[in-house]
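The structure is shown first, and my entries follow.

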Amino acid sequence: MFRCVRCCFLALVLGITAGAVMAGEVLLEVPDLKWVLVTQAGGSAVQVLDLSRGVTPLATLRTAGRGRVVAVHLQREGRRVWVLGERGLDVLDAYSGRLVERWSVPEGVRPERLQPGAGGRPQVMSGQQPYEALMGAAFLVPAGTRVSLR
């Protein structure tokens, strides 16, 4: 009986999240962790939900000053969530929502999506140009560019 109720509940939640995607929300499903990352259309916060024991909110990730959320990526190592906004890229802890790293978008660059990069760190795509989030830099830099951080 309990298993049947749980399956129905999980189907309802997945149905709701599927409906959310149709409504224009960004969604990332992580089946091996049983996580779903959702944001309202035009919103600037990402809700991390754990579906392994019903629907358990893990954290609300807020990206103040970054504009609407464009894309999200989960870096499994360290459970970091990369949140790309219109004006920057933030890395947040998936459990606490604590800001770990932050980069601004260079002037004139319009971020469109995240794509897998080296070492689990995604690249920001603007048109065909990939940008990297280098440690110690304040802005995203074109991929492959030699940068001196002095």
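Entry 1. I looked up the accessibility of Gly119, which has 67% relative accessibility and therefore counts as exposed; exposed means over 50% relative accessible area, buried under 20%, and partly exposed in between, with a 1.4 Å probe and protein chains only. I located Gly119 in the loop between β9 (113-115) and β10 (123-126). Gln75 is 44 residues from Gly119 in sequence, and the C-alpha to C-alpha distance is 9.3 Å.

Entry 2. I noted the basis of these values: the model is predicted, local features need pLDDT of at least 70, side-chain atom pairs count only at pLDDT 80 or more, and totals for chains, interfaces and linings use all residues. Residues are numbered from 1 along each chain as its sequence is written, and side-chain values use heavy atoms, with hydrogens and water left out.

Entry 3. I then examined the open sheet, in which four antiparallel strands follow the order β5-β6-β7-β8. Strands are DSSP runs of E with at least two residues, numbered from the N terminus, and two of them pair if DSSP finds at least two bridges between them. At the edges, β5 (69-75) and β8 (99-104) each pair on one side only. Five bridges connect β7 (residues 88-93) with β8, and Gly88 has Ser104 as its bridge partner in β8.

Entry 4. I turned to β3 (residues 45-50) and β4 (residues 56-62), which run antiparallel and are joined by six bridges. Opposite Gln47 I found Thr60 of β4. Their hairpin has five residues between the strands, and Gly54 adopts a positive phi near 85° there.
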